[in-house]
Amino acid sequence: MNNPNKPLMLVLSSPSGAGKTTLSKKIQQSDSSFEISVSHTTRKPRANEVDGLDYHFVNKKKFESLLKDNAFYEHAEIFGNYYGTSKSSINKITQKKHNVLFDIDWQGSEQLSKFKELNLVKVFILPPSKEELEKRLIARNQDDKEAIKRRMLAYSKDVVHQKDYDYVLINDDVEDCFKKLKKIISSHL
Ligand code: 5GP
């Protein structure tokens, strides 16, 4: 049972390309009590990404030193890069009594679940099909052919973990999926 006096920690995970980033942004735009947790990553920024806004982009040495200092709630290696949620970025959000939105993978969700004091609600977003996912990855034009191939290979491994989430939503139509997500959120606030 969630504690309404504590900030809600909404975790959104999905195979990459299922629309989770769009949904996260829509939640934040529609409800100013939610802030997206900005992760650290060693991945290179994409053309449209802004440091400090989309991610804190750091090199491997910096990431490893943060890891050594126990600065992360959770971290994972994904497609050869490190990703992690720093304790300080979450604390900054919760000090304002804001709710937190995590756009992280199943490994991160599993690690966060161990912190029983966190008011977690975990939602797994699925694309309508594997074929549709591949179409979307090609259409969004962010990754080269090799990266798309890697993401498609990861798909089957990712979807196995939907069983560890509180809710599973299929993102067939983004507005429809968003409505369902809003309902889930309001039932926990
Ligand atoms: P992308 O490189 O496409 O932005 O993200 C790749 C994957 O990393 C996505 O599934 C995203 O949710 C996940 N991710 C982003 N930040 C974090 C994080 O801090 N921790 C974990 N575990 N996964 C993350």
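Let me begin with a term: a polar contact is a pair of N or O atoms within 3.5 Å; within protein, one must be able to donate a hydrogen and the other to accept it, and residues adjacent in sequence count only if both atoms are side-chain atoms. This is a predicted model, in which local features need pLDDT of at least 70 and side-chain atom pairs count only at pLDDT 80 or more, while totals for chains, interfaces and linings use all residues. Residues are numbered from 1 along each chain as its sequence is written, and side-chain values use heavy atoms, with hydrogens and water left out.

The side chain of glutamate 74 places an N or O atom 2.7 Å from a ligand nitrogen. From glycine 84, a backbone N or O atom lies 3.3 Å from a ligand oxygen. On its own, the ligand has 510 Å² of accessible area, and the protein covers 93% of it (by the Shrake-Rupley method with a 1.4 Å probe).

Around the ligand there are 16 residues (a residue is near if one of its heavy atoms lies within 4 Å). Ser39, Arg43, Tyr55, Tyr83 and Asp103 come nearest. By class, this shell has 7 charged, 5 nonpolar and 4 polar residues; Asp, Glu, Lys and Arg count as charged, Ala, Val, Leu, Ile, Met, Phe, Trp, Tyr, Cys and Pro as nonpolar, and the others, Gly among them, as polar.

Where does the ligand sit? It sits in the largest pocket, meaning that more than half of its atoms lie within 2 Å of the pocket's grid points. A pocket is an open set of points on a 1 Å grid over the protein atoms alone, where a 1.4 Å probe fits, with protein on both sides within 12 Å along at least five of seven lines; lining residues have an atom within 4 Å of a point. Strand 5 (72–78) and strand 6 (81–86) each give two or more residues to the ligand's shell (strands are DSSP runs of E, at least two residues; helices are runs of H or I, at least four).

The largest pocket is lined by 49 residues, with Lys20, Thr21, Arg46, Tyr55 and Asp103 nearest its centre. Helix 6 supplies the largest share of that lining, 7 residues.

Finally, asparagine 70, in the loop between helix 2 (60–68) and strand 5, has a positive phi of about 60 degrees.
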